[in-house]
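Hi,

Here is the structure I promised to pass on. Have a look at it first, and then read my notes below.

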Amino acid sequence: MENINAQPTPRRARTPWQVTRSVWYAMFMREAISRTMSDRMGWFWMIFEPVAFVAIMVGIRSFIRGDRLVVNAEFIPWLIAGLMGFLLVREGMLRGMGAIEANSALFAYRQVQPIDPVLVRNFLEGMLRSFVFLIFIVGGLMIGLDMYPDNAIRAMGAWLSLWSLGIGLGLVTSVSATLVPEVGRVIRMLSLPMLILSGVIFPLNNLPHWLLEYIMLNPIPHALETLRLGFFEKYQPIHGTSMLYFWLVTLSLNALGILMHLRFVDRLKAK
C-alpha cells in the first residue's frame with residue numbers, strides 16, 4: 001500500500017552551466033530565425049556583397065594588372081580568401097556592437113547577461129560566414145578556379161583565428177558603443193580603411209618597409225596571409241607575418257572585453 005503522506009521528490013536545481021546553455025540556445029534560435037527568415041533578402045545580401053566586390057575588383061584588375069602583384073597565387077581566389085576572412089572579422093565586430101541594445105528587453109531576466117547576446121551573435125555570424133565561404137569554394141571549383149586549399153588544416157586554423165578576433169572585437173566594441181554611442185559611428189567609418197590596410201584588395205608587400213612596420217601592427221593581415229598560405233602552398237606572405245603576434249592581440253582583446261562586461265554589467269543592463 002502506497003504511503004499517501006509521502007512527500008514528492010524535490011527537483012534538483014540546475015547548475016549555472018545548464019542555465020547558461022539554455023539561455024544561449026534560446027537566444028541562438030531567436031537570432032537565427034530573425035537573421036535568416038524574417039528578412040527575405042538576408043541570404044541574398046550575405047552572398048551578393050562579396051560577389052559584387054570580387055566582380056568590381058576583377059574589373060579594376062583589367063586596368064592595373066593587379067594579378068601580377070600576387071606571387072604564386074591566382075588573383076581571384078586570393079581576393080576571395082582575403083575578403084571572406086575580413087568580412088568574418090568585420091561582421092563579428094559590428095554585429096556584436098549592436099547586440100546589447102537589440103536584446104535589452106531580455107535583461108529583465110536575471111539569467112540573461114549583456115555578454116550573452118554578443119557571444120551568441122558572433123557564433124551565429126561565424127557559422128553563416130563559414131557556410132557562405134564554403135559556397136564560394138564549391139562554386140569556384142565548379143567554374144575552374146583554384147579554390148581547393150593546399151593545406152586545409154592551416155586554412156581552417158586561420159579561419160577560426162579570424163573568428164576569435166571578431167569575438168574579441170565584438171566584446172570590446174559592444175561595451176564601448178553602448179556606453180558611448182559616438183564610438184559606434186567612428187568604428188563603422190573605419191571599416192573601409194581597415195579593409196584597405198588589411199591587404200584585402202592589394203598585397204602589402206610592395207609598400208615601403210617603414211610603412212609596412214606600422215600597418216602590420218594591425219592583427220588582421222597576419223591571419224589573412226596565413227589563410228591564403230593555406231590555400232596556396234607556394235604563396236609568399238607579407239614579410240613579418242606572425243600568428244604569435246596575432247594570438248597575443250586576440251587573447252588580449254577577448255580578456256579586455258570580458259573584463260569590460262564584468263565591470264560595466266549594471267550600466268549595460270540599465271541602458
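What follows is a short tour, from the whole chain down to single residues.

First, the ground rules. This is a predicted model, in which local features need pLDDT of at least 70, side-chain atom pairs count only at pLDDT 80 or more, and totals for chains, interfaces and linings use all residues. Residues are numbered from 1 along each chain as its sequence is written, and side-chain values use heavy atoms, with hydrogens and water left out.

**The whole chain**

The protein chain has 11 helices and 0 strands; helices (H or I, at least four residues) and strands (E, at least two) are DSSP runs, numbered from the N terminus. Its C-alpha atoms fill a box of roughly 85 × 45 × 35 Å along the principal axes. Of the 271 residues, 45% are buried (buried is under 20% relative accessible area, exposed is over 50%, and partly exposed is in between, with a 1.4 Å probe and protein chains only). If you take contacts (heavy atoms within 4.5 Å) between residues at least 6 apart in sequence, 79% of them join residues at least 24 apart.

**Helix H9**

H9 covers residues 220-231, and its 12 residues reach 17 Å from the first C-alpha to the last, close to the 16 Å expected (that is 1.5 Å times one less than the number of residues). How many of its residues are buried? The count is 12 of the 12, so H9 is largely enclosed by the rest of the structure. Among those buried residues are His222, Glu225 and Arg228. The cover over them includes H3 (75-97), H5 (115-142), H6 (152-179), H7 (181-197) and H10.

**H6 against H7**

Two of those covering helices also pack on each other: H6 and H7 meet at an angle of about 125 degrees, with their axes 4 Å apart. Here axes are lines fitted to C-alpha atoms, for helices over the stretch in contact, and angles run from 0 to 180 degrees between N-to-C directions. The pair is therefore oblique (under 35 degrees is roughly parallel, over 145 roughly antiparallel, 65 to 115 roughly perpendicular, and the rest oblique). On the H6 side you'll find Thr173, Ser176, Ala177, Thr178 and Leu179, and they meet Pro181, Val183, Gly184 and Ile187 of H7.

**The cores**

The largest nonpolar core has 68 residues, and Trp78, Ile80, Phe133, Leu227 and Phe231 have the most contacts inside it. Such a core is a set of buried Ala, Val, Leu, Ile, Met, Phe, Trp, Tyr and Cys residues joined through side-chain atoms within 4.5 Å. H3 gives the largest share of this core, 15 residues. Apart from it lies another core of 5 residues, among them Leu204, Leu212, Ile215 and Ile238.

Thr250 lies in H10 (residues 243-263) and is buried, at 0% relative accessible area. Beyond residues up to four places away in sequence, Thr250 touches Ser164 and Leu165.

Asn205 sits in the loop between H7 and H8 and is partly exposed, at 36%. Among its contacts are Gln236 and His239; His239 is 34 residues away in sequence but 7.0 Å away in space, C-alpha to C-alpha.

Leu211, in H8 (residues 209-215), counts as partly exposed at 28% relative accessibility.

Cheers
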